[in-house]
Amino acid sequence: MSQENVDLSSFSEKIHNIRNEASKALVGQGKMLDLLLTALFAQGHVLIEGVPGVAKTLSARLLAALVKSDFKRIQFTPDLMPSDILGTSIFNLKEQAFEYRKGPIFGNLVLIDEINRAPAKTQASLFEVMEERQVTNDGTVYPLDELFMVIATQNPIEQEGTYRLPEAQLDRFLFKISVDYPSLQEEYLILEVVGNRKSFKSLEFITPVLTMEEVAAMQSFIEGVIIKPELLQYIAQLVQSTREHPSLYLGASPRASIDLMNASKAFAVLNCRDYTTPEDIQYLFSPVVEHRVLRTPEAELQGVTLDEVSQQIIQQVEVPN
């Protein structure tokens, strides 16, 4: 789809309407909403981490309510098997043949709740579907819809009965969004919002703003967003610095560079521009990179946080003019 087929001013109005609709249910999570929309348009997946009750699941369901799409929810548990997610072959007595019955992963927006509660075998079943956007069953490949996004949640505090996500899976998430407790004023507003809405959890009061066709149009438009060679060099230097930083023993992969480039282009469009800026890259650097790197034991003992490391890298790498 050509650039001329998408009107950025019209898209600006859509984003304004999305934020207005989202404010009916979501309080004080403007950055999370922006990152979810950026991931949607950049065709990426999102991991939301936070303690129970800070609107992780609500945010995923809200995004699905704002986009007219097929929404699926999968609750991960220790006894969940790969076939419970991907589907399985069932013998059809009438046809005297096996037929494939698709699992709940075949949706447009798929919420995986408490992703770290499933064992490694089940988590590994997501590798192909998140990267290649397809499922292979008995040698046959089943492609997913063009619009496909995984939004996973996890609780960083409760570790009993959980399984650590492998680096290979973490690397398949475009963003990791950390959600903290609301402020006192925000918590008061939450009580007002929930108290004034009947059947709040169903989100029936949310009016869809975007269609799947409009999302696809924006995804195509983003491919042509201008990003200058010096900004590509800037992204490469930032990611390369994670592999050389003394507080990190595992740096970010080349997939992080690609994701940072695509996310920066999508974020530019979210801000109604057809070109990227260094500020776009800096704003997205932490959520793109921090879940892909590991601190050294010494840095952990010294209390060095990944956010501090990210800010050091941003300050050290020269910003292009």
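Residues are numbered from 1 along each chain as its sequence is written, and side-chain values use heavy atoms, with hydrogens and water left out. Because the model is predicted, local features need pLDDT of at least 70 and side-chain atom pairs count only at pLDDT 80 or more, whereas totals for chains, interfaces and linings use all residues.

**Figure 1. The largest pocket.** About 1,100 Å³ of space lies in the largest pocket. Among the 41 residues that line this pocket, E49, K176, S178, E290 and L306 are the closest to its centre. Two or more lining residues are given by each of α2 (30–41), β1 (46–49), α7 (167–170), β10 (175–178), α12 (278–289), β13 (294–295) and α14. By class, the lining of the largest pocket has 16 nonpolar, 14 polar and 11 charged residues. A pocket is an open set of points on a 1 Å grid over the protein atoms alone, with protein on both sides within 12 Å along at least five of seven lines; lining residues have an atom within 4 Å of a point. Grid points are joined across faces, edges and corners, and a volume is the space filled by probe spheres set on the points. Helices (H or I, at least four residues) and strands (E, at least two) are DSSP runs, numbered from the N terminus. Ala, Val, Leu, Ile, Met, Phe, Trp, Tyr, Cys and Pro count as nonpolar, Asp, Glu, Lys and Arg as charged, and the others, Gly among them, as polar.

**Figure 2. The second largest pocket.** This pocket has a volume of about 590 Å³. Of its 27 lining residues, G53, V54, A55, K56 and L58 are the closest to its centre. At least two lining residues come from each of α3 (56–66), β9 (149–154) and α8 (184–195), and α3 supplies the largest share, 4 residues. The lining of the second largest pocket comprises 13 nonpolar, 6 polar and 8 charged residues.

**Figure 3. The cavity.** The largest cavity has a volume of about 50 Å³. Its lining consists of T242, L248, V289, E290, V293, L306, V309, S310 and I313. Helix α14 (residues 306–316) gives the largest share of this lining, 4 residues. By class, the cavity lining has 6 nonpolar, 2 polar and 1 charged residues.

**Figure 4. Packing of helices α10 and α11.** The axes of α10 (residues 229–242) and α11 (residues 254–270) come within 9 Å and cross at roughly 140 degrees. That angle makes α10 oblique to α11. Axes are lines fitted to C-alpha atoms, for helices over the stretch in contact, and angles run from 0 to 180 degrees between N-to-C directions. Angles under 35 degrees count as roughly parallel, over 145 as roughly antiparallel, 65 to 115 as roughly perpendicular and the rest as oblique. In α10, L232, I235 and V239 meet A256, S257, L260 and M261 of α11 (contact means heavy atoms within 4.5 Å). The residues of this contact divide into 6 nonpolar, 1 polar and no charged.

**Figure 5. Packing of helices α11 and α12.** The axes of α11 and α12 come within 9 Å and cross at roughly 130 degrees, which makes α11 oblique to α12. From α11, the contact involves A256, D259, L260, A263, S264, F267 and A268, and from α12, D280, I281, Y283, L284, F285 and V288. These contact residues divide into 10 nonpolar, 1 polar and 2 charged.

Terms used:
On a 1 Å grid over the protein atoms alone, a cavity is a set of points where a 1.4 Å probe fits but cannot get out, and a pocket is an open set with protein on both sides within 12 Å along at least five of seven lines; lining residues have an atom within 4 Å of a point.
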